[in-house]
Structures are given as C-alpha cells and as structure tokens.
Amino acid sequence: MDEYWTEFEAGHARQIIESNGRPQEAWCDANFSDRWCKSLEDRIWAYTLMVNGIPVACVGLVLQDLGKAEAWTLFSNSFQNHVLTIYRLIKTGLKMAFHEKNLSRIQATIDPSYPATVKWIESLGFEYEGRLRKYGPLGQDFLMYARTN
C-alpha cells in the first residue's frame, strides 16, 4: 500500500465528496469545496492523506487573525483503515502549527451526533467550551472545542 501525506488541494476534497464521502459530509458538494478553498486563498494550512493515489483524508487549519485558527477535517469512507496515521499527523501538526504559525488558539466545531468524534477531539488535547445552537449546515447544534498554547 502506497500511503503518504501531500499538501492539500481543492481537488482532493472534491474527489472525496464526489466518490467516497462519508454520510457526515453529505451536506457539502464539489462546488462548495471549490468555492470554499478559493475563498480562503492563503489562509489555509492543510494536508491530504493519499493512499494508492486516492485522497482518503484532508486535515487542516483555517488561519484567522490574532494567532487563532479553526481546525477542519474531511474523511472518506475508507479513513478507518488509516486512523493511526491520521491521528499521528494531526497530533504532530498541531504542535507544528502552534509554533510555525505563531498560534495561541486552535478551535474546532464538532457535531455531537457522532460520539467517536468527540472522543477523538478530546484525545488530541482539545477542551469543551460550549454548545453552539443551530450552528451546523443542517441547523443542528454543534459543540465548540479549543486547544490553547
């Protein structure tokens, strides 16, 4: 199996969404990923896990003002076979981002209807900060988590 990380490109997200996206990602479409990536320009710091030339996971940060960033992920249906690889990159990448991008805070919004995601974000050192009412793309509540440096 050929598994490697590469710099994120909008096409990676489009490929996951169009061919192998998880149900959690059903709200977004390929046009969204293109518009979203273009709107971020140089404020995105992200990587894609490629397996045999196919994107399996995209992870990254949207850099904001004053040393803050918003964490995001996009996983394909086959990401479970690579959880340890993804976890290690995120764990290392968070430390790197705090240092390289001079961050004091990284936050993430989490859909609470997926308890494994909540456990995952907490295992990465993020702390629960509160509930965001009707925050999700379908009007569902989300949870705010943050990790500070």
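Biologist: Let's start with W45. Is W45 buried or exposed?
Modeller: This is a predicted model, and in it W45 counts as buried, at 12% relative accessibility.

Biologist: And Y47, what does that one count as?
Modeller: Y47 counts as partly exposed, because its relative accessibility is 26% and buried means under 20%.

Biologist: How are the rings of W45 and Y47 arranged?
Modeller: Their centres are 5.8 Å apart and the planes sit at 85°, so that pair is edge-to-face.

Biologist: How many aromatic pairs does a search of the whole structure find?
Modeller: The search turns up 7. One of them is F8 with W72: the ring centres are 5.2 Å apart and the planes are at 70°, so this pair is edge-to-face.

Biologist: Where do F8 and W72 sit in the chain?
Modeller: F8 is in the loop between β1 (3-7) and α1 (10-20), while W72 is in strand β4. They are 64 residues apart, so the pair links distant parts of the chain.

Biologist: Are F8 and W72 buried or exposed?
Modeller: F8 counts as buried at 13% relative accessibility, and W72 counts as buried at 14%.

Biologist: Which residues do ring pairs link into a cluster?
Modeller: That cluster is made of F75, F79, Y87 and W120.

Biologist: OK, on to packing. Which residues in the largest nonpolar core touch the most other members?
Modeller: Those are L61, I86, L103, I106 and F126, out of 27 residues in that core.

Biologist: Which elements give two or more residues to this core?
Modeller: The strands are β2 (44-51), β3 (54-63), β4, β5 (105-110) and β7 (142-148), and the helices are α3 (83-100) and α4 (115-123).

Biologist: What is L61 in contact with, leaving aside its neighbours within four places in sequence?
Modeller: Its contacts include W45 and W72, along with A69, E70 and A71. L61 also contacts L103 and I106.

Biologist: Changing topic: where is K68?
Modeller: K68 is in strand β4, which covers residues 68-75. It is partly exposed, with a relative accessible area of 32%.

Biologist: What does the K68 side chain reach?
Modeller: It reaches the backbone oxygen of L66 at 3.3 Å.

Biologist: And which contacts does K68 have beyond four places in sequence?
Modeller: K68 is in contact with V62, L63, L103 and R105. As for N102, 34 residues away along the chain, its C-alpha atom is separated from that of K68 by 8.7 Å.

Terms used
Residues numbered from 1 in each chain as written. Predicted model: local features only at pLDDT ≥ 70, side-chain atom pairs only at ≥ 80, totals over all residues. Heavy atoms only, no water. Helix = DSSP H or I, 4+ residues; strand = E, 2+ residues; numbered from the N terminus. Buried < 20%, exposed > 50% of the residue type's maximum accessible area, 1.4 Å probe, protein only. Contact = heavy atoms within 4.5 Å. Polar contact = N/O pair within 3.5 Å; in protein donor to acceptor, adjacent residues only side chain to side chain. Phe/Tyr/Trp six-rings, centres within 6.5 Å; stacked < 30°, edge-to-face > 60°. Core = buried A, V, L, I, M, F, W, Y, C linked by side-chain atoms within 4.5 Å.
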